[in-house]
Amino acid sequence: MKRVIYIAIFALATLSVGNVQAQSFGDLLKGLSGLFGSTTTQQAEEKPVYPTEKEVLGTWIYTEPQIVYEGNDALASLAISTLKGQIPGLAQKFGVVPGQDYVTIKKSKILAVSAGKKANATYTYIPSAGKAIITGEHNGKKIIVTGYATIKDGQVTVLFDANELIAILSQTKAYKENSTLQMMASVIQSYPGIKVGATARRK
């Protein structure tokens, strides 16, 4: 859980690296919005397929991280689309390696293994919505996060609301001492609809 949170925030932080003169990525987007006018757009979306309760069981091997934007701001969509290509490299810097890290899911229980470290959690799954309510611990405190699962071509993708992860991260010492993370939290709040997570294949 902790690794997913840090990958998400570190990935979002790279959005502002190319423009160090801007006060924040949010300021940059707003400035561009003023130049180009309306930035809203609509795209046809493929109807999601949710895994059944039985399909989520078993061992799933991590294949790649995911970040999506479900809002309607065209510039934010472009930024997130550009960032997708950078995320795999960022994830590996945090020790999250495709083909090695995995999650074993049994009825109501989750065991996650990353870089040789294990983490346990419990979950409740609502298959009609692909919704998983996950309960675990982060820095000794009980946390509850909601994941949204879809299945395609034998692979499962689970996404989490970035704001929900920020709320957890904001309680940590690392967040309170890092102005960049705080700035990115502000960006996320300005552009709701950002989700982060991962795709995995069955072992």
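# Briefing: a predicted protein model

Glu70 is partly exposed, with a relative accessible area of 47%. This residue is one partner in a salt bridge with Lys195, and the structure holds 1 salt bridge. The model is predicted, and the protein averages a pLDDT of 77.

**Overall make-up**

- The secondary structure of the protein consists of 7 helices and 8 strands.
- The protein has 203 residues, of which 40% count as buried.

**Confidence of the prediction**

- A pLDDT of at least 70 is reached by 74% of the residues.
- Strand E7 (residues 155–161) has the highest confidence, at 95, whereas helix H2 (residues 25–36) has the lowest, at a mean of 46.
- Over residues 9–25 the pLDDT stays under 50, and the model gives this stretch 32 contacts beyond four places in sequence.
- Residues 28–42 also have a pLDDT below 50; in the model, this stretch has 17 contacts beyond near neighbours in sequence.
- Where pLDDT is low, the predicted coordinates should not be read in detail.

**The salt bridge**

- Side chains of opposite charge can pair when their charged atoms come close.
- In the salt bridge between Lys195 and Glu70, the closest N and O atoms are 3.3 Å apart.
- Lys195 belongs to strand E8 (residues 194–202), while Glu70 lies in the loop between strand E1 (58–69) and helix H3 (74–83), so the pair ties together parts that are 125 residues apart in sequence.
- Lys195 is buried, with a relative accessible area of 14%, whereas Glu70 is partly exposed.

**Strand pairing**

- Strand E5 (residues 131–138) pairs with E6 in the antiparallel sense, over 8 bridges.
- Within this pairing, Lys131 stands opposite Tyr148 in E6.
- The hairpin of E5 and E6 has 2 residues between the strands, and Asn139 in this hairpin takes a positive phi near 55°.
- E6 also pairs with E7 in the antiparallel sense, over 6 bridges.
- Here Ile151 stands opposite Val156 in E7.
- E6 and E7 form a hairpin with 2 residues between them, and Asp153 is in the turn.

**Backbone angles**

- Most residues other than glycine have a negative phi, and most peptide bonds are trans.
- Asp153 has a positive phi near 50°, in a residue other than glycine.
- Asp153 lies in the loop between strand E6 (141–152) and E7, and this residue is exposed, with a relative accessible area of 72%.
- Ser108, likewise a residue other than glycine, has a positive phi near 75°.
- The loop that holds Ser108 runs between strand E2 (102–106) and strand E3 (109–114).
- Ser108 is partly exposed, with a relative accessible area of 33%.

Definitions and conventions. Residues are numbered from 1 along each chain as its sequence is written. This is a predicted model: local features need pLDDT of at least 70, side-chain atom pairs count only at pLDDT 80 or more; totals for chains, interfaces and linings use all residues. Side-chain values use heavy atoms; hydrogens and water are left out. Helices (H or I, at least four residues) and strands (E, at least two) are DSSP runs, numbered from the N terminus. Buried means under 20% relative accessible area, exposed over 50%, partly exposed in between (1.4 Å probe, protein chains only). A salt bridge is a side-chain nitrogen of Lys or Arg within 4 Å of a carboxyl oxygen of Asp or Glu. pLDDT is the predictor's confidence in each residue, from 0 to 100. Contact means heavy atoms within 4.5 Å. Two strands pair if DSSP finds at least two bridges between them.
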